Amino acid sequence: MVGVRIDLHTHSTESDGTDTPAELVATAVAAGLDAIAITDHDTTAGWAEAERAVRELAQPGGFRLVPGAELSCSCPDGNGRTITVHLLAYLFAPDSAALVAEQSRLRAERRTRLHEMARHMAADGFPIDPDGLMAGLPPDSPGGRPHLARALVDAGTVASVNEAFARFLGGSGRYYLPRTDTPVHRAIEMIADAGGATVLAHPFATARGPVVSEEVVAELADRGLAGIEIDHPDHDPATRERLRGLAGELDLIPTGSSDYHGTNKTIRIGQETTPPDSLDRLVDRCTGSKVIG
């Protein structure tokens, strides 16, 4: 299995990426990857198109697609606060009633929040059309701040998505609005009940904001968390080493991923990768859906 390249954290236009699901698969194949996971925020809407692309573009047995999603969750940080963490959920049954209901709630709230933020900016004179922004989203897309950031780039207000977040849309920005995330324990349980497995995404990426303590990670492992994302663009070498030790202590599956968003970020697909045996361990835990390819 030497040289096998697997990226288990990518986004398409069904959430906040800029590649369609089919383009995402084509980009991965062109980059020489052997497998990717499609992990759009709070939706499985891109699974079918991505699967069709695998059938059409990849050689049989030569490329694999791991169906998944990224879930935003509220979680105690171990220091008396509640913060947002992200769970990568893999190979769950997409028709699980509890999961469908929760993802529907989250998508609706994200869309309402996005429209309200855009409306506030338009009222303050920014060249943003709130209704046009929403009309341009795929019908089942959750919508999110990157869509508004991209609209600001297209209008010439900012030079990049990162600048839009830094100036206007980040947690301390004037136009930021909060959302109600899924409690992390409930999310882990819902995915397990749907036959899937969860991995804690970029857990110690302090540049993104507050992070959980090692004690919280241990508690999540006790509650059914399967793995932890170690090799991520927002983790420096010392952080990765710390996480590797923690994964070993807690018997968590170590993964690596680019968190690719197309042109919304400068990260290349496959910039970080997952060991093949880690993917095998995840697959062995799951009964909800199958790897494609």
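Which residues of the largest nonpolar core touch the most other members? In this predicted model, they are L87, L200, V212 and I228, out of the 45 residues that make up that core.

**View 1. The largest nonpolar core, seen around I228.** I228, which with L87, L200 and V212 touches the most other members of this core, has contacts that can be followed through several stretches of the chain. Setting aside residues up to four places away in sequence, I228 touches V199, L200 and P203, then V217, then L243, L246 and A247, and finally L252, I253, P254 and T255. Another core lies apart from the largest one and has 19 residues, including M121, I128, V161 and Y175.

**View 2. Helix 9 and its buried side.** Helix 9 comprises 14 residues, 237-250, and its end C-alpha atoms are 20 Å apart, in agreement with the 20 Å that it should span at 1.5 Å a residue. The buried residues of this helix are T239, R240, L243, L246 and A247. These residues lie on the same side of helix 9, because they cover an arc of only 125 degrees around the axis. An α-helix has 3.6 residues a turn, so residues three or four places apart point the same way.

**View 3. The exposed face and the end of helix 9.** On the face turned away from the buried side, helix 9 carries the exposed residues P237, A238, E241, G248 and E249. D251 follows the helix and has a positive phi, near 55 degrees.

**View 4. T43 in the loop between strand 2 and helix 2.** T43 is found in the loop that lies between strand 2 (35-38) and helix 2 (47-57), and T43 counts as buried because its relative accessibility is 1%, where buried means under 20%. Leaving aside neighbours within four places in sequence, T43 is in contact with E14, G68, A69, Q103, R107, D140 and P142. A polar atom of the T43 side chain lies 3.0 Å from the backbone nitrogen of A45. Between T43 and E70, which are 27 residues apart in sequence, the C-alpha to C-alpha distance is 8.1 Å.

**View 5. A53 in helix 2.** A53 has its place in helix 2 and, at 4% relative accessibility, counts as buried. The C-alpha atoms of A53 and P21 are 7.9 Å apart in space, although 32 residues separate the two in sequence.

Conventions:
Residues numbered from 1 in each chain as written. Predicted model: local features only at pLDDT ≥ 70, side-chain atom pairs only at ≥ 80, totals over all residues. Heavy atoms only, no water. Helix = DSSP H or I, 4+ residues; strand = E, 2+ residues; numbered from the N terminus. Buried < 20%, exposed > 50% of the residue type's maximum accessible area, 1.4 Å probe, protein only. Contact = heavy atoms within 4.5 Å. Polar contact = N/O pair within 3.5 Å; in protein donor to acceptor, adjacent residues only side chain to side chain. Expected span 1.5 Å × (residues − 1). Arc of directions from axis to C-beta. Core = buried A, V, L, I, M, F, W, Y, C linked by side-chain atoms within 4.5 Å.
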